[in-house]
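Reader: I would like a close look at a single part of this model, taken slowly and with its surroundings in view.

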Amino acid sequence: MSARRLPLDRSTLCGFLAILLWSTTIALARSLSEQLGPLTSGATVYLVGGVLCLLHLRRSIQPLIALRRLPRLYLIGCGALFVLYMFALFEAIGLAADRSQVLEVGMVNYLWPSLTILFSLLLLGKKGSWLLIPGSLLALLGVFLVLTQETAISWTSFAHNVAGNPLAYGLALTAALSWGLYSNLTRRWAGSDDTDGGSSSSGGVAFFMLATGAVLLLLRLFSAEISVWNPRAIAEVLFLGLATSLAYVCWDVAMRRGGIVLVGAASYFTPFLSTLTSCLYLQIATGPGLWLGCFAIIVGSLLSWRSVTDARESPTPENRRPYD
């Protein structure tokens, strides 16, 4: 009976692999931004990832057929939110004053799970229990602790820290809001596609990634950022592009054939894995305030997730993704 509750089959393990792959995004995005600039790094990563996703999509369905099957409102509306999220996240990471602030920016971005639950009440007609209130407050407390970790814990120190780099924190919050909206509107506008095992929806992500790469590349042409290409930058672009596309493929497999509840719950530990990866890869020393804030965000997200009556129903690859 316990084996049924915790189905550790290959499909479920694919979901865990997707979580691990997405946990590398912030660390590598910062490293690439320091070498290439946020626009160049984001453009190259998502162009590579989008091409790889399309190549995988060709194995199950023709990409153009998949694109024609998707509702226009989903393509335009969710596509714009997808591009906005990726742009805001890469810019926030690139604009962080130092590597330590990258962790703070990342934690603001990780408000998106709680925001996704809150938006689902308004956009999808979900019903939440009393757990939603402490869950939301804990998530906000986590961000407060993260942004006051180097000073006295007070509203004054919080405001002073945010005022030091309002654009980076504002973009991180924009990313969290846009992904919360994207997650819910994907469910509302794209619907379910059982005719091809979800390949059409996966095709939407492939085209969204390509659109993101194209938009960031266009913005790059009008920017003054300096890019210094070297073997490390090339390797990081290829790895992050491959990791992003592979994570989508693995997540799709886990959501259709794996243990959805187990993988969904595990996805809320992405802030911890992402922070740990960033500390190791970027060689960042952190204080207890950041880890305490990280823990509060995770617990708050889990409580919010548990508060919604049907939060554990079978999700699509897009709207249950534990991204960066």
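Which residues of helix H8 (residues 112-123) are buried?

Author: In this predicted model, the buried residues of helix H8 are Trp112, Pro113, Ser114, Leu115, Thr116, Ile117, Phe119 and Ser120. The cover over these buried residues includes helix H7 (99-109), helix H9 (132-146), H11 and helix H16 (288-307). Beyond the end of the helix, H8 is followed by glycine 125, which has a positive phi, near 70°.

Two packed helices are described by the angle between their axes and the distance between the axes. The axes of H8 and H11 come within 8 Å and cross at roughly 45°, and H8 and H11 are therefore oblique to each other. The crossing in which H8 passes H11 is right-handed. On the H8 side, the contact is made by Trp112, Leu115, Thr116, Phe119, Ser120 and Leu123, which meet Ala176, Leu177, Trp179, Gly180, Leu181, Ser183, Asn184, Leu185 and Arg188 of H11.

Threonine 186 has a relative accessible area of 2%, and because buried means under 20%, threonine 186 counts as buried. The C-alpha atom of threonine 186 is separated by 9.8 Å from that of leucine 73, although the two residues are 113 residues apart along the chain.

Terms used: Residues are numbered from 1 along each chain as its sequence is written. This is a predicted model: local features need pLDDT of at least 70, side-chain atom pairs count only at pLDDT 80 or more; totals for chains, interfaces and linings use all residues. Side-chain values use heavy atoms; hydrogens and water are left out. Buried means under 20% relative accessible area, exposed over 50%, partly exposed in between (1.4 Å probe, protein chains only). Helices (H or I, at least four residues) and strands (E, at least two) are DSSP runs, numbered from the N terminus. Contact means heavy atoms within 4.5 Å. Axes are lines fitted to C-alpha atoms, for helices over the stretch in contact, and angles run from 0 to 180 degrees between N-to-C directions. Angles under 35 degrees count as roughly parallel, over 145 as roughly antiparallel, 65 to 115 as roughly perpendicular and the rest as oblique. A crossing is left-handed if the near helix is turned anticlockwise from the far one by less than a right angle, and right-handed if clockwise.
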